[in-house]
Amino acid sequence: MEEDDVTIREQNFHSQVREYIICFLLFAALYIVSYCIITRYKRKTDDQEDEDAIVNRISLYLCTFTLAMSGGAVLLLPFSIISNEILLSFPKNYYIQWLNGSLIHGLWNLVSLFSNLCLFVLMPFAYFFLESEGFAGSKKGIKSRVLETFVMLFLLGLLILGIVWVASALIDNDAASMESLYDLWEFYLPYLYSCISLMGGLLLLMCTPVGLSRMFTVMGQLLVKPTILEDLDEQIYCVTLQEEALQRRLNGSTSHSHFQGSAHRLNKELDIVRDQRNKLERRKKASAWEKNLLYPIVMLILLTGTTISVLLVALNILYLLVDETAMPKGSEDRGLGNTSLSTFGLVQAVVDIILMFYLMVSSVVGFYSLRVFEGLTPRKDDTTMTTIIGCCVSILVLSSALPVMSRTLGITRFDLLGDFGRFNWLGNFYIVLSYNLLFAVVTTLCLVRKFTSAVREELLKALGLDKLQLSNSPTDPESGKLSANGHQKTL
């Protein structure tokens, strides 16, 4: 009997060590990828080892950790779904015994814990540490800046504590809920994270429909558009003449010192014209299959993905009206591989995973397309640490809300695990139904506006009326802006 107990304890010990090793390896891979991404956009500084350099390096490490947690939150549902299907297909395979419910639940709990840590501690610390200079009258140095940062964090914590306490008292003013707010770990932090998750879900609801329609423009800028009713040689000739005229004006203005402001403006115009000429030459040199086959296929894939997403949301609305089990909920069941949550098995699971990644990419594209957040757009080798902190916080909020949004919209039937399934608003039928209706309606309206606008512009261009600016008002930021293919925005 004692030998059996020892054997069970050894198995549990080895299983736990194996889970820790797997979690560490996954986090290490995400951390390396996140570090490469951030260093690609971070503004280059000199190699001088001073106080500011140390502060920047610490903030960089914290931002990398946060971005790695964002990647982990994005991968939670796909990894769980594919693990469930693998265990269903190979239930007795020795080489996948490490893939079990305990590991999946551990990953969900770790991502939830560290997402809270990044959102409420690490990112505020990185921002205040970056902006701190030390208290007046104190000795300058790292210790003084750290002390100021902790004082600012303490004051911020008190402010957030008071705001949430007052908001909870206004919304649910009874003795039980008021007393539960004093329980910091068991109620207050999950309640606060539930509010952040709701705001993240609303942010996704605002960004994703915009991103789904914007994806067509983005891919149109990256790919070469088919040449229909366009004379590229004539466009290149006109742009070349414009470039030569600007170059002559620039040569004439540099000889006079009082024309320095005009020369700076002409330099900017010349760079724009040269960039336009390079893009037109790229379109001309592109192969026939790239222009006539690749572009339509990519656009068809985007249209198919968007249509499937809207149809799944419409079906989920019907399920919500007739079946209460369609409501998103959390699960404490540690069993995995018992039953398939996809009607068509592995194929549908793969489609669900692709749609989740597509929605995440679309939400990021939509986030940076909104005028409110344009200032956070990262630029290669020219992004300040403050902007990087803002980007990491925004992406963390979006990625943490992605599993909840995917389950709420019915993209997948996989129940939320860990703290992700304990959000208070998930049990509210009216909130969930309104969320689905708003997503379907707003996405449809964005796509209709996108396609009708693109078709209208193409017709005006074919008729030679595009120069009259009938399709867009002068205030439209995209009306006079050239795309990466050297022409105005099109489908």
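The structure is a predicted model, in which local features need pLDDT of at least 70 and side-chain atom pairs count only at pLDDT 80 or more, whereas totals for chains, interfaces and linings use all residues. Residues are numbered from 1 along each chain as its sequence is written, and side-chain values use heavy atoms, with hydrogens and water left out.

The salt bridge joins the side chains of Asp 382 and Arg 43, at 3.1 Å from N to O. Asp 382 lies in the loop between H10 and helix H11 (385–408), and Arg 43 in the loop between helix H1 (2–41) and helix H2 (51–89), so the pair ties together parts that are 339 residues apart in sequence. Helices (H or I, at least four residues) are DSSP runs numbered from the N terminus. Asp 382 is partly exposed, with a relative accessible area of 40%, and Arg 43 is partly exposed at 37%; buried denotes under 20% relative accessible area, exposed over 50%, and partly exposed the range in between (1.4 Å probe, protein chains only).

A nonpolar core is a set of buried Ala, Val, Leu, Ile, Met, Phe, Trp, Tyr and Cys residues joined through side-chain atoms within 4.5 Å. The largest such core has 61 residues, and those with the most contacts inside it are Trp 108, Leu 302, Met 405, Leu 409 and Phe 439. Helix H10 (residues 346–369) supplies the largest share of this core, 10 residues. Apart from it lies another core, of 25 residues, including Ile 38, Leu 119, Phe 125 and Ile 388.

Aromatic pairs number 9, where rings of Phe, Tyr and Trp (its six-membered ring) pair if their centres lie within 6.5 Å, with planes under 30 degrees apart counted as stacked, over 60 as edge-to-face and the rest as tilted. Phe 125 and Phe 129 form a stacked pair, 5.3 Å centre to centre with 25 degrees between the planes. Both residues lie in helix H3 (residues 101–131), 4 residues apart, about one turn of the helix. Phe 125 is buried at 15% relative accessible area, as is Phe 129 at 2%. The rings of Phe 367 and Phe 373 are also stacked, with centres 4.3 Å apart and planes at 20 degrees; Phe 367 is buried, with a relative accessible area of 2%.

Definitions and conventions
Helices (H or I, at least four residues) and strands (E, at least two) are DSSP runs, numbered from the N terminus. A salt bridge is a side-chain nitrogen of Lys or Arg within 4 Å of a carboxyl oxygen of Asp or Glu.
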